Amino acid sequence: MAAMVVGALRRGTATGGGSRFFAQSLRRFVNTLVVVEHEGGFVKPSSLSALAAAEAIGKDNRVSLLLGGSGPGLHKAAGHAASSHPLVSEVLVADSDAFAHPLAEPWAELLHSVQQKGGYSHVIASSTSFGKNLLPRVAALLDVSPVTDVTSISEPRVFVRPIYAGNALCTVRYTGEDPCMMSIRSTSFSPTEAMSETKVAPITQVDLSFLSEGSSGKSAWVNLKSQDTERPDLSNARVVVTGGRGLKSAENFKLLEQLAEKLGAAVGATRAAVDAGFVPNELQVGQTGKIVAPELYMAFGVSGAIQHLAGMRDSKVIAAVNKDADAPIFQVADYGIVADLFEVLDELLKKLPDKK
Amino acid sequence: MKILVAVKRVVDYAVKVRVKPDRTGVETANVKMSMNPFCEIAVEEALRLREAGAAAEVVAATVGPAQSADTLRTALAMGADRAIHVLHDPDPARPLLPLAVAKILRAVALQEKPGLVILGKQAIDDDCNQTGQMLAGLLNWPQGTFASKVIMDKEKATVEREVDGGIETICLDLPAVITTDLRLNQPRYATLPNIMKAKSKVIKKVTPEDLNVDIRSDMEVVEVTEPPKRKAGVILSSVDELIDKLKNEARVL
């Protein structure tokens, strides 16, 4: 409510030079809507990171979560969401087949409608392919500018985000109307799964009457082809082993997979390896692929192009194996071996104990 | 059908950018500039659709200072039929935001009435990944972002999208907005005769005011800094040493 009052006051005086001073001197009421992605009845780790970002905005942040979809998985996930963080005050559930698939058009209408009813000061999604697809569309409907890929929050409206493939960090201040919208880089916000046993937020169904006004039907979901893998998810893995062009073939990538097996690691790849058809595109790490920040990143036959470094430079420890001593990867690696990667891989496979 | 392609002039992808000492931005004076790689892919896709008979005309558009005309010439040399240059000289402290670009492109789209707008999925300078989605939202058209394959038919576009879990296929009613991912195609090089021919193609110049678009900004750049440097690493001579370091020094194994 307070946000709406402040919003109304600000809008009412928005033309004068004094209005900004007025708005800033007034302590803003912070209430945040987090768009939650879920899978198998649980909130995805990337969305738990978005919750951590909501906490970084303010300790007194009133957080509402929005989940959409249909079927029992949605309601189980809503239950999980309700106790996922002490700041969560409300879980909004949109139960409709319209949200069963991640289509931007119905989802944007949903988020737009929920924002107009709730008058949130902040809207956060995680920088996943879902979040990146959805958030800017809604921002345009609300006539506000979102901030992409926030890596740090210093004030409720001041954010840091990487630009130029992570070669510069840009601090921006959002000066527009509510809501302040952002997608967050999940590797920059540790998902503190501070499950609150005692406090379980109420779950409310979203009024979906806006759907019947229907501009839906402009897009239809056909299918999703995904690689089945038992290894950990690339974006959240503790250890990542990555291969580049130096692996030479899809066959040789199996060696990396064996190493990943031993380390309980996820497998990543450079653009060159994906373009050469060694591995599917969802394994690409870099500016335009996945951004990872594992505890250990092992790069085999990776030269270290700017675009690749953008996706892994925040890893805690980087180890690189390359036969070219001048490869740029060695400038960011904590440990490097200048050698033939196949010999090193063989030796590693022999010497590392099996993961129990 | 007409296809509108939006292109952006950015610092060349191979340039290692330098942050200005006064922290207001990155150095762009005397730095090689090129067409954003994702925009090249967008132009290429539009040309291929025209060559396949799915489109009659390809119009390239850009928003930017006078030098952005070079980027339009590149698109024309690749094969675009004509171009629209929306002139805007941005204030470095308040750079042009994707929302403003989307509003300008919306105005251009309403004039040109294309059946399809193709953009890159992101510009490699601001890394925003917003403009296409915003344009689709403003026009209330469906969007197919991060496209790795586009199949057109009379009233629909089937788009394969690169998403986190794999490849997703969706079907869009036309008109629609599509943004390109890297694997959509391999852009062609402009040949010398085509570069010469491009010089006689028309670039229409307009201003945001002509289009009735107000480009206010709701974002202020506070500062631009260098990312923290990683401390120098060591080159090891054996695998044993590597395993030992990872176990006992870094403690990550």
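Across the interface of chain A and chain B the rule finds six salt bridges, a salt bridge being a side-chain nitrogen of Lys or Arg within 4 Å of a carboxyl oxygen of Asp or Glu. In one of them, the side chains of A:Asp143 and B:Arg216 meet at 2.6 Å, N to O. This is a predicted model, in which local features need pLDDT of at least 70 and side-chain atom pairs count only at pLDDT 80 or more, while totals for chains, interfaces and linings use all residues. Residues are numbered from 1 along each chain as its sequence is written, chains are lettered from A in the order in which they are written, and side-chain values use heavy atoms, without hydrogens and water.

The contact (heavy atoms within 4.5 Å) takes 85 residues from chain A and 81 residues from chain B. About 7,000 Å² is buried between the chains, and carbon and sulfur atoms give 53% of this area. Buried area is the accessible area (1.4 Å probe) that two parts lose on being put together, summed over both.

Strands also pair, both between the chains and within chain A. Strands are DSSP runs (E, at least two residues), numbered from the N terminus, and two strands pair if DSSP finds at least two bridges between them.

| Strand | Partner strand | Sense | Bridges |
|---|---|---|---|
| β10 of chain A (residues 168-174) | β12 of chain B (residues 219-225) | antiparallel | six bridges |
| β14 of chain A (residues 239-243) | β16 of chain A (residues 296-300) | parallel | five bridges |

How values were computed. Helices (H or I, at least four residues) and strands (E, at least two) are DSSP runs, numbered from the N terminus.
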